[in-house]
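Dear colleague,

Please find below the structure that I am handing over to you, together with its sequence. My notes on what was found in it follow directly after.

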Amino acid sequence: MKYFTKEWYEACQAADWCLNMAVSKNAEEFSEEYYKDLYTRRRRAFVKQMKEEEGEAFDKIAAEVAFMKHHEETVKRMERILPIEIKAAVADMRVLALDIATKEVRHQLKAWCEEQKKLADAKEAEYAADSTKESSETFAGCELTGVEMKETTLTLTLKGNVKKAVFKNYKILKQEGYLLGAKWLKEEAYAVEGGKEYHILLRKSNGTLGYLTIFAEQLTILK
C-alpha cells in the first residue's frame with residue numbers, strides 16, 4: 001500500500017476519538033465499580049439504538065456481543081497507538097474507551113486527534129493527486145467468505161455489494177494472516193507490465209489489520 005496503509009487507517013479512527021469525549025472527575029482514579037456501571041449504561045444505550053434501527057430483525061444478544069467486541073478493540077487500539085504521555089495520564093483505559101476522560105486528558109487527546117486528522121487527510125490528498133492509480137472503490141465494506149485458488153484463477157467470494165472477484169493469471173505478492181472473515185477496508189490499483197496490481201487493506205476476523213496484494217492479468221467482478 002502506498003497511501004491507505006495501516007497507519008492511515010489508525011489515524012482515521014483516532015481522529016474521531018475526541019468528538020464525544022466527556023469530562024468527569026470519576027476518570028481521575030481507577031474504580032472497577034465506576035467502570036462496570038459506565039459500561040452497563042453505555043451498553044444499554046447501544047442496544048436501545050440497535051433495536052430502534054433494526055426493528056423486527058433486532059437480536060439483543062448479538063447487539064451486546066457487538067458492543068463488547070467494539071469496546072475491547074477500542075481499548076487495545078488506544079493502548080497500542082496513543083502517545084506515552086497521554087497513556088500515563090489515564091487511570092483506566094477502559095473508561096477512556098467509553099468516552100470519559102479528565103479535563104487534562106481530553107485537552108491532550110483533542111490536540112493529538114487533530115494531528116491524526118491532518119495526517120489522514122494528507123494521505124488522501126496525495127492519493128487523489130496520484131495520476132498512476134486506477135479507479136477502485138468497488139469492494140469497500142465487503143467481507144471475504146471464501147477463497148478458491150486454482151492454477152490460473154483466484155476466486156474471492158464476498159458478502160456485500162460484490163459477490164465474487166475472479167483474478168485471472170494471478171500471483172499473490174503479499175498476504176498477511178488468515179483471509180476468511182476479513183473485511184475489505186480500502187484498496188489501491190495500479191497498472192503494471194502485463195496487468196494490474198491490487199493493494200488491499202483488510203481488517204481480519206481477530207480485529208487486526210493486514211495487507212493483501214495481488215497481481216492479475218484480468219479481474220472479473222460478479223455482483
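A patch here is built from residues with over 30% relative accessible area and no salt bridge, with nonpolar side chains (Val, Leu, Ile, Met, Phe, Trp, Tyr) joined within 5 Å and like charges within 9 Å. Accessible areas come from the Shrake-Rupley method with a 1.4 Å probe, and for residues only the protein chains shown count as cover. Val147 belongs to strand β4, residues 143-149. Its relative accessible area is 33%, so Val147 is partly exposed. On this scale, buried means under 20% relative accessible area, exposed means over 50%, and partly exposed lies in between (1.4 Å probe, protein chains only).

Please note that this is a predicted model: local features need pLDDT of at least 70, side-chain atom pairs count only at pLDDT 80 or more, and totals for chains, interfaces and linings use all residues. Residues are numbered from 1 along each chain as its sequence is written, and side-chain values use heavy atoms, with hydrogens and water left out.

Overall picture

The chain has 6 helices and 9 strands. These are DSSP runs numbered from the N terminus, with helices (H or I) of at least four residues and strands (E) of at least two. Along its principal axes, the C-alpha trace spans about 60 × 40 × 25 Å. Of the 223 residues in the chain, 39% are buried. The accessible surface comes to about 13,000 Å², and carbon and sulfur atoms account for 49% of it. Among contacts (heavy atoms within 4.5 Å) between residues at least 6 apart in sequence, 59% join residues at least 24 apart.

Buried positions

In helix α1 (residues 6-14), the buried residues are Trp8, Tyr9, Glu10, Ala11 and Ala14. Their cover includes helices α3 (60-81) and α6 (103-129), as well as strands β7 (183-192), β8 (195-203) and β9 (209-222).

Thr155 is found in strand β5, residues 153-159. With a relative accessibility of 10%, Thr155 counts as buried. Leaving aside residues up to four places away in sequence, Thr155 touches Gly146, Val147, Glu148, Lys164, Ala165 and Val166.

Charges and salt bridges

The chain carries 37 positive and 38 negative side chains, and the centres of the two sets lie 2 Å apart. Lys and Arg count as positive and Asp and Glu as negative, while His and the chain ends are not counted. The place of a charge is taken as NZ of Lys, CZ of Arg, CG of Asp or CD of Glu.

The structure holds 11 salt bridges, each defined as a side-chain nitrogen of Lys or Arg within 4 Å of a carboxyl oxygen of Asp or Glu. The following are among them:

- Glu134 pairs with Lys196, with the closest N and O atoms 3.6 Å apart. Glu134 lies in strand β3 (residues 133-134) and Lys196 in strand β8, so this pair ties together parts that are 62 residues apart in sequence. Glu134 is partly exposed at 25% relative accessible area, and Lys196 is partly exposed at 31%.
- Lys123 pairs with Glu126, with the closest N and O atoms 3.9 Å apart. The two are 3 residues apart in helix α6 and are therefore separated by about one helical turn.
- Lys150 pairs with Glu148, with the closest N and O atoms 3.6 Å apart. Glu148 is partly exposed, at 40% relative accessible area.
- Lys6, Lys174 and Glu176 are linked in a network of salt bridges.

Glu52, Glu53, Glu54 and Asp59 gather in a patch of negative charge on the surface. Of these, Glu53 lies in helix α2, residues 32-54, and counts as exposed at 53% relative accessibility.

Backbone points to check by eye

Asp99 has a positive phi of about 70 degrees although it is not a glycine. Asp99 lies in the loop between α5 (93-96) and β2 (100-101). Asn169, likewise not a glycine, has a positive phi of about 50 degrees. Asn169 is placed in strand β6, residues 164-175, and is partly exposed at 28% relative accessible area.

With kind regards
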